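Hello,

Here is the structure I promised to pass on to you. Please open it first, and then read the notes below beside it.

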Amino acid sequence: MDKLLNEFSVGLFIWQTLLFLALLFLLRKFAWGPILSAVNEREEGIKNALAEAEKARQEMLNIKSDNDKVLKEARAERDALLKEAREMKETMISDAKEEAQVQANKMIEQAKTAIANEKSAAITDMKNEMGNLSVSIAEKVVKGELSDKNKQLQLIEQLLNEVTLN
Amino acid sequence: MYRKLLNFLSIFIFIFSLNSFAQDHGHDTHKKEENNHKVEQHTNSHNKELTLKEQIKEDIRHHLLDSHDFHIWQNISFPLPIILWDNGLHIFSSSKFHHGESVAESKGSYYAISHGNGHIYKTDASGAIHLNEKGFEANEKPLDLSITKSVAMIMITGLLLLLLFGGLAKSYAKNGGIGKGPGRLLEPIVLYIRDEIAIPNIGKKYYKKYMNYLLTVFFFIWFVNLFGLTPLGVNITGNIAITFSLAILTYLITTFTAKKDYWKHIFWMPGVPVPMKIILAPIELLGTFIKPFALMIRLYANMKAGHVVLMSIIGLMFLFKSWIGSPLSFGLAFGLSILELLVAALQAYIFTVLSALYFGSAAEEHADH
């Protein structure tokens with residue numbers, strides 16, 4: 001202890017105290033103050049940036065889920081539309097088929113009646129024609145037969161025979 | 001893991017410091033003899049007749065003391081200004097002392113440097129320094145405000161710190177909030193002191209006003225310790241005047257920023273019976289002085305011990321003069337230097353942490369016990 005006191009230098013103590021205090025004040029003004037505030041600012045900035053990023057991420061997620069929802073809805077709508085269209089197509093086809101069937105049947109019916117009419121008309125025409133033909137043939141035959149007396153008689157006789165046979 | 005390592009190291013250092021104290025003690029008795037010896041033959045004193053061993057001891061002892069000239073290498077040294085207050089200002093160059101070998105005359109007074117503690121004493125024209133019965137100098141002592149080697153190194157360290165951190169502070173504005181330059185290397189340490197020392201010990205609410213002191217004290221002690229490990233060989237923090245000054249600042253800051261709660265816990269400890277309060281008050285009051293005192297001694301002893309051990313081992317290299325011993329002590333000195341690098345930071349850290357702890361107890365507001 002005595003040795004320590006003997007070695008203690010008052011001058012060095014005074015210098016150290018003065019220089020250290022000067023250093024303390026100079027560093028406070030020119031170093032620690034600006035450094036600590038800059039570091040603080042930077043940390044605040046980082047904190048804010050992280051919060052912002054988190055917020056942005058959340059928003060992105062929201063947007064994405066919205067998008068998904070919209071997409072899903074669109075898909076469902078598309079599916080519904082397609083289904084409707086398909087159904088419509090089928091009904092249209094079946095309707096068309098039915099109608100065509102009906103139409104065809106009608107046409108067939110008409111054709112049949114037309115054919116039948118035509119047929120009867122043709123038959124009557126033919127009958128008339130045949131009647132006329134047979135009359136004219138008969139006329140010609142009769143004319144030819146009747147030009148000869150004998151033959152007339154022969155015919156009458158034959159006709160008579162036939163009638164009686166009937 | 002880190003804490004365990006620290007514990008281990010501090011025990012290790014403690015053992016080393018015990019060793020060195022023992023050695024130091026050895027020096028003491030020797031030195032007194034030397035002193036007597038030297039004072040008698042002061043005028044033509046020189047230690048040519050000293051053996052190598054004694055010379056090494058003398059070198060170590062001399063190195064541990066502050067010096068009035070800046071010794072660099074063997075005979076290369078430059079003088080520093082001597083400023084004395086002795087019924088008037090005396091300013092002259094330390095070259096007048098011829099490295100402490102001769103008497104300096106200024107304005108009719110004679111001064112000589114004692115070989116015992118390196119201080120300047122007022123003497124007669126012959127430069128004789130008388131010793132008292134304890135072996136200490138009995139001459140009149142002027143107030144010595146000289147720029148000694150330590151003061152010069154403190155100034156250099158201060159300038160270095162100002163340049164480093166001033167530059168760092170400026171670079172933030174220039175570089176968009178990101179530090180640049182050599183100071184940036186130290187920015188993590190600034191943050192460490194704030195986040196791991198100041199905030200946990202003092203609390204988020206009050207730590208800001210103590211930051212300036214904590215940062216300054218940490219970097220000052222650390223840098224000065226590191227300078228002590230360079231071949232410049234300054235032993236600043238191993239000087240009791242320096243650690244006393246630092247400890248007193250911690251004490252004053254603690255005392256003058258203390259809140260009501262701090263004093264209440266000293267003089268009227270809450271939550272204990274009245275007789276205990278009366279017993280505790282003087283103990284607590286004493287504690288407020290012991291804490292900074294321990295700070296002072298811890299830093300001083302650790303740094304001085306480190307220097308003593310390191311220099312002793314370096315000295316051993318020259319003493320052994322053998323192919324085995326000298327490389328061995330070189331290896332030891334090398335290992336120890338690396339350890340001292342750690343101790344330099346560790347002691348700065350411990351001083352800062354304990355200061356923060358004391359500030360914390362002063363600033364803290366207790367809810368109630």
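**Salt bridges and the contact between the chains**

Glu44(A) is partly exposed, with a relative accessible area of 42%. Its side chain meets that of Lys47(A) in a salt bridge, with 3.8 Å from N to O. Lys47(A) is exposed, at a relative accessible area of 56%. Both residues belong to helix H2 of chain A, where they sit three residues apart, about one turn of the helix. Before you go further, please keep in mind that this is a predicted model.

Another salt bridge in chain A joins Arg78(A) and Asp79(A), whose closest N and O atoms are 3.4 Å apart. Arg78(A) is partly exposed at 47% relative accessibility, and Asp79(A) is also partly exposed, at 40%. Over all chains, the structure holds eight salt bridges.

How many salt bridges lie between chain B and chain A? The count there is two. In one of them, the side chains of Arg194(B) and Glu43(A) come to 2.7 Å, N to O. This pair runs from helix H2 (residues 10–146) of chain A, which holds Glu43(A), to helix H4 of chain B, which holds Arg194(B). Are these two residues buried or exposed? Arg194(B) counts as buried because its relative accessible area is 5%, under the 20% limit. Glu43(A), at 29%, is partly exposed. A network of salt bridges links Glu43(A), Arg194(B) and Asp195(B).

Now for the interface as a whole. Chain B brings 56 residues to the contact and chain A brings 34 residues. About 4000 Å² is buried between the two chains, and carbon and sulfur atoms give 73% of that area. Seven residue pairs are in polar contact across the interface, counting pairs with both residues at pLDDT 80 or more. Several elements of chain B give two or more residues to the side that touches chain A, including helix H1 (2–40), helix H5 (208–229) and helix H8 (274–320). H3(B) gives the most, with twelve residues. Sorted by class, this side of chain B has 32 nonpolar, 13 polar and eleven charged residues.

**Inside chain B**

Chain B has nine helices and eight strands. Of its 369 residues, 50% are buried. Its accessible surface is about 18900 Å², with 68% belonging to carbon and sulfur atoms. Among contacts between residues at least 6 apart in sequence, 60% join residues at least 24 apart.

- Thr250(B) lies in helix H6 (residues 240–256). Thr250(B) is buried, with a relative accessible area of 1%. Its side chain makes a polar contact of 2.7 Å with that of Tyr213(B). Beyond four places in sequence, the residues that Thr250(B) touches include Leu295(B), Phe351(B) and Tyr358(B).
- Leu316(B) is in helix H8 and is partly exposed, at 31% relative accessibility. The C-alpha atoms of Leu316(B) and Lys53(B) are 8.9 Å apart, although 263 residues separate them along the chain.
- Ala138(B) is in the loop between strand S7 (120–123) and S8. Leaving out neighbours within four places in sequence, Ala138(B) is in contact with His130(B), Leu131(B) and Asn132(B). From Ala138(B) to Tyr121(B), 17 residues away in sequence, the C-alpha distance is 8.9 Å.

Enjoy looking around!

Best wishes

Technical notes
Residues are numbered from 1 along each chain as its sequence is written. Chains are lettered from A and ligands numbered from 1 in the order in which they are written. This is a predicted model: local features need pLDDT of at least 70, side-chain atom pairs count only at pLDDT 80 or more; totals for chains, interfaces and linings use all residues. Side-chain values use heavy atoms; hydrogens and water are left out. Helices (H or I, at least four residues) and strands (E, at least two) are DSSP runs, numbered from the N terminus. Buried means under 20% relative accessible area, exposed over 50%, partly exposed in between (1.4 Å probe, protein chains only). Contact means heavy atoms within 4.5 Å. Accessible areas come from the Shrake-Rupley method with a 1.4 Å probe; for residues, only the protein chains shown count as cover. A polar contact is a pair of N or O atoms within 3.5 Å; within protein, one must be able to donate a hydrogen and the other to accept it, and residues adjacent in sequence count only if both atoms are side-chain atoms. Buried area is the accessible area (1.4 Å probe) that two parts lose on being put together, summed over both. A salt bridge is a side-chain nitrogen of Lys or Arg within 4 Å of a carboxyl oxygen of Asp or Glu. Ala, Val, Leu, Ile, Met, Phe, Trp, Tyr, Cys and Pro count as nonpolar, Asp, Glu, Lys and Arg as charged, and the others, Gly among them, as polar.
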